Amino acid sequence: MVLPHTPQKAQQLPRTEPDQLWSEPIDSPDYIPRHMKRSAASQFPILEVIQRLLYRLKPMPSGGNLENLLALIGLYQAIHPLYRLLQDLCIRAFTVQVTIPESDPIAKEVLAWMGSEVILTSRTRSAMLVTGGMQDANDNFHRHMMMARGPRIGIDKVDSEVLCLPPIGTRLFWIGFRPFIFSRRGGSSYRNNSVIAGNFVDDSGHLQNSLTIMTLGWSLKPLQDFTTLCHKFKIKNLTGTTTVYFAGGGSGDPYGEGWQSVSKAIRKLDTIDMDEDTKFDLIRDAEYYYSEQSRSFFADCGIPYRRGYLFHGPPGTGKSSFSAALAGHLGCDIYHINLATGSISDGGLHRLFLGLPRKCIVVIEDIDSAGIGREQAPSTTEAPPTAPTLSIGIEGMYGAGMPMHMPRQASGQGRRNMVTLSGLLNAIDGNASQEGRLLIMTSNNPDALDSALIRPGRIDKKVYFGNISTSAGKSIFKRLIGRSALAHDAAFTMAQIEQYASEFADKVPANNFTPAQVQNFLQGCRGDPHQALREIDAWVEENRSATGASGTSETSTSFMSHPAFDPIHGLLDNDSDLDSLMEGEGMA
Ligand SMILES: Nc1ncnc2c1ncn2[C@@H]1O[C@H](COP(=O)(O)OP(=O)(O)OP(=O)(O)O)[C@@H](O)[C@H]1O
């Protein structure tokens, strides 16, 4: 039986219009005329959206779960920007923050502190693990501290070179009763509308990774105290190491502009073979420079608090090694700038100097090969078309005025130098330049340098590093061969080593080879005194003919060749003296 089809009228539920939600009886004190509500909603469309979404959320007699869910999501989407706006307003009103580019030395200290004191000590659920070396030039430093704290999150299962750092993101931590928010941002995670973590845009307009530290209040003092805490933490944990910073090449450099760092074991001063008087004079001078007495002397006399040395001599004679050992001795960091890379501009150099801490050693390496010779009058020589902004110094490199002594490296094909003499002078002691640094310039050819660069006040001491003397040869043999032989083979005695060292030194013609050359030969002998003595004659012959070494005017004036020069004089008269000499050696 077919029932007649009686179309059922869909049950129409009375729907409440959004406006009715707020409707009040006309005699109610809360009554607002409808047209006024409409105009408010039309002025702020977001209100109307929220109003409609709220209406959708009203429980309905039939179904509506999906609709409710969608309305809820829509409501969240609509309210979220408002929430962010309010959050940002509160942050701006009640907090202070600092942003540090990740390439800055302070950032390394903050990251290390966070990794060690927050990430490894809390029940963290995320961390950034990086292998040492390329990922983070500060690897040794972080590793050192990880070892100091002990692994906490299963790091013992992985290679000891894995480092634990705070991940990209935001993290809350407390120091005492004060909350801090730490944010680490990658350059790509730039968000225009956030004030929680500012991003750092470098001079070339590129986004750099950055850190932001934020805390409650209106004063930057707690943040300054925090960075000081991180710095002290670094000093405490870096006993026995020196942090060596290298200037990044510029925006084209994968590591970016600014300072990149690596930690190295401190090289002891007694591993540098040089005239003892010169050595101790330099040490005394540097120690005095950093004393309170000298600081107040400079201040009282109104002299800029700066000091400069020029180390000159052939390559491989210990200029850089001594600088590093001096930094280790003074307990400060060392900053290397190599202008010969041709990728640092005047502005970049200035910024590098501005980023220096108060106490540090800055080494400008091979300054003569950087093409910054004497400032010349503008040359008529045409510069190559690829170098439209050639400095005065570089015109000499490319043009007819190129000095004959200019190393091949500096005259590199197509490479140009972007630092001018005036730019360099301005960076090292212009008005805006940081005080307190000890500047060391190294040069293989000081005659090529402009007198303005090395005038008193800029360069206070000039020290010549020369080829190896007989006594220095003996010293190097004892350090590189004798020590190892005594440690690994009981058959050797001190007296024997002394004798072998003298024999070896006699076979190496004085002032012909650099310490680096001799060191290289001895390293190849792997601690075997007999092999060293067996092979030295052939090596001398071969290298003499290869280099045509017959003594240079430089070596003839070397302090190492001075009859009075005996770098080990007074130290090696007996066994204990040798032991004391050898105690701190072996670090390269
Ligand atoms: N006087 C020295 N005493 C001990 N080791 C030295 C000495 N000179 C050089 N060496 C060794 O030779 C190597 C090169 O030395 P270093 O880089 O310090 O020379 P440099 O004079 O700075 O050379 P360059 O002018 O090329 O920069 C280092 O490994 C260092 O250990």
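Two strands pair if DSSP finds at least two bridges between them. Keep that in mind for the first sheet. Helices (H or I, at least four residues) and strands (E, at least two) are DSSP runs, numbered from the N terminus. This is a predicted model: local features need pLDDT of at least 70, side-chain atom pairs count only at pLDDT 80 or more, and totals for chains, interfaces and linings use all residues. Residue numbers start from 1 along each chain as its sequence is written.

Angles here run from 0 to 180 degrees between N-to-C directions, and axes are lines fitted to C-alpha atoms, for helices over the stretch in contact.

Now walk across that sheet. Strand 4 (residues 169-175) and strand 5 (residues 178-185) are antiparallel, with 7 bridges. Threonine 170 faces serine 183 of strand 5. These two strands make a hairpin with 2 residues between them, and glycine 176 in the turn has a positive phi of about 65°. Next, strand 5 pairs with strand 8 (residues 210-216), antiparallel again, over 6 bridges. There, isoleucine 181 has methionine 214 of strand 8 as its bridge partner. Finally, strand 1 pairs with strand 8 in the antiparallel sense over 7 bridges. Valine 96 is partnered by threonine 215 in strand 8.

Helix 5 brings Ile106, Glu109, Val110, Ala112 and Trp113 to the contact, and helix 7 brings Thr227, Cys230, His231, Phe233 and Lys234. Contact means C-beta atoms, placed from the backbone, within 7 Å.

Inside it, strand 12 (residues 333-338) and strand 13 (residues 360-365) are parallel over 6 bridges. Asparagine 338 sits opposite glutamate 365 of strand 13.

One more helix pair. Helix 11 (residues 346-354) packs on helix 13 (residues 421-429) at about 10°, axes 9 Å apart. That makes the pair roughly parallel.

Last, the ligand. Where does it lie relative to domain 2 (259-464) and domain 3 (470-583)? Both domains give residues to its shell, so the ligand lies between them. Those domain bounds come from an automatic or database domain assignment. Of the 19 residues around the ligand, Pro315, Gly318, Ser321, Pro515 and Ala516 come nearest. Helix 10 (319-330) and helix 16 (515-524) are the elements giving two or more residues to that shell. Near means a C-beta atom, placed from the backbone, within 6 Å of the molecule or strand.

Conventions:
Contact = placed C-beta atoms within 7 Å. Parallel < 35°, antiparallel > 145°, perpendicular 65-115°, else oblique.
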